[in-house]
Amino acid sequence: MKIAIIALTKQGKKTALRLKQHLPEETDLYLHEHSKPQDPAFSFKILRELMPKLWPAYPVLIFIMAAGIVTRQVARFLESKAKDPAVLVLDDNGRFVIPLLSGHLGGANAWSRYLADLLQATPIITTATDGASLIAPDEYARRLSWKVWPLANLAGINRLLLERGYLTVWTEYTLAEKHPLKSDIKYIFLSENESEKADLIISAFPKAPETKIYLIPRSLGAGIGCRRGIAPETVLRAISQALEQVGAAREALGGIYSIDLKADEPGLSQAAEALGIPFKCFSSECIQEVNDQRNLTKSEFVKNKIGVDGVCEAAGILGTQMGELILPRLKLAGEGITIALSRRKSLSWESDPEIPFI
């Protein structure tokens, strides 16, 4: 994760250097020219002129200066809580850490606690749910890399959590026993036929809700078989068509999967990179084993060409940890590609909830 630390004064520079030694290598330190930075590439004279470079490049911005200065500088760039970076403000001496922007989805609140611990400082967190010792759904979404939809309903749901003290939840998945949502007594899970009563729905298939919100996990896998030299645009088009056919959100896609013979196929890896998801391949033996176990769609052409009954359905099932097939083999006429969609049956908790951003 790329992080920028921006300091104005010599004392701010000292605090910045203290922080930098504890942060990832991708951390860049921008210093005002008066503090005599060693690297001219990271020196600035006028903060306002530096901001257009910083804003789109760093998901975390740590300013060591007055909060009023930062507020005026970032105001012109604000879009939405789904897009804005985490913005934190520290005083020159590193005594206080303020998450100014994107507290939940951007992780600024979590960052403030982490930085405060490093500096033995005081985190100043003003988010209402945090003040009430409640974990908001958008905070869970950040930790799990899930999508919140629609954002327009989020404020109302967080207000409901504050006023009522709990939220009702319906999920189409089995959640692992150690999953934090399962152990959070403020999230009450409803039975299978009570989805209409839920405040929050965990699903890959969002519908237009009036007041509730969806948390969309990356639970779907696209299994793909293709000809050599497939263009990434063709792969992306096939994925869009498949997701639209089953009514799934694009953000629900967690990976592209194929057979090991396609491991060096640029079109597949480039499509995955464009979507920000992994591309993984499985051996012919694993693919055929799943074909036999699940009695999947057979293709004589594929059998004669590469020795397995089919690729896309089995690859998608393997990629979703032996999930369920929700879209059988779909062939795009004249495109040289077949695609299938599978869905995980259960969701686990794999990241560290305390420091999920390092």
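**The sheet and its helices**

Mentor: In this predicted model, strand β12 (residues 200–202) and strand β13 (residues 213–216) run parallel and are joined by three bridges. Within this pair, I201 is found opposite Y214 of β13. The two strands belong to an open sheet of five strands with mixed pairing, in the order β8-β13-β12-β9-β11. The edges are formed by β8 (147–149) and β11 (187–189); each has a single partner strand, so one side of each is left without a neighbour in the sheet. On average, and with direction ignored, neighbouring strands are turned by 30° against each other.

Let us turn to β9. Three bridges connect β9 with β12 in the parallel sense, and I201 in β12 is the bridge partner of W170. Towards β11, β9 again pairs in parallel through three bridges, with T168 opposite I188 of β11. As to burial, five of the five residues of β9 are buried. Both faces are covered: L167, V169 and T171 lie on one side, T168 and W170 on the other.

Helix α7 (residues 154–164) lies across β8, β9, β11 and β13, and runs at about 125° to β9.

Definitions and conventions. Residues numbered from 1 in each chain as written. Predicted model: local features only at pLDDT ≥ 70, side-chain atom pairs only at ≥ 80, totals over all residues. Heavy atoms only, no water. Pairing = 2+ DSSP bridges. Helix = DSSP H or I, 4+ residues; strand = E, 2+ residues; numbered from the N terminus. Axes fitted to C-alpha atoms, helices over the stretch in contact; angles between N-to-C directions. Contact = heavy atoms within 4.5 Å. Buried < 20%, exposed > 50% of the residue type's maximum accessible area, 1.4 Å probe, protein only.
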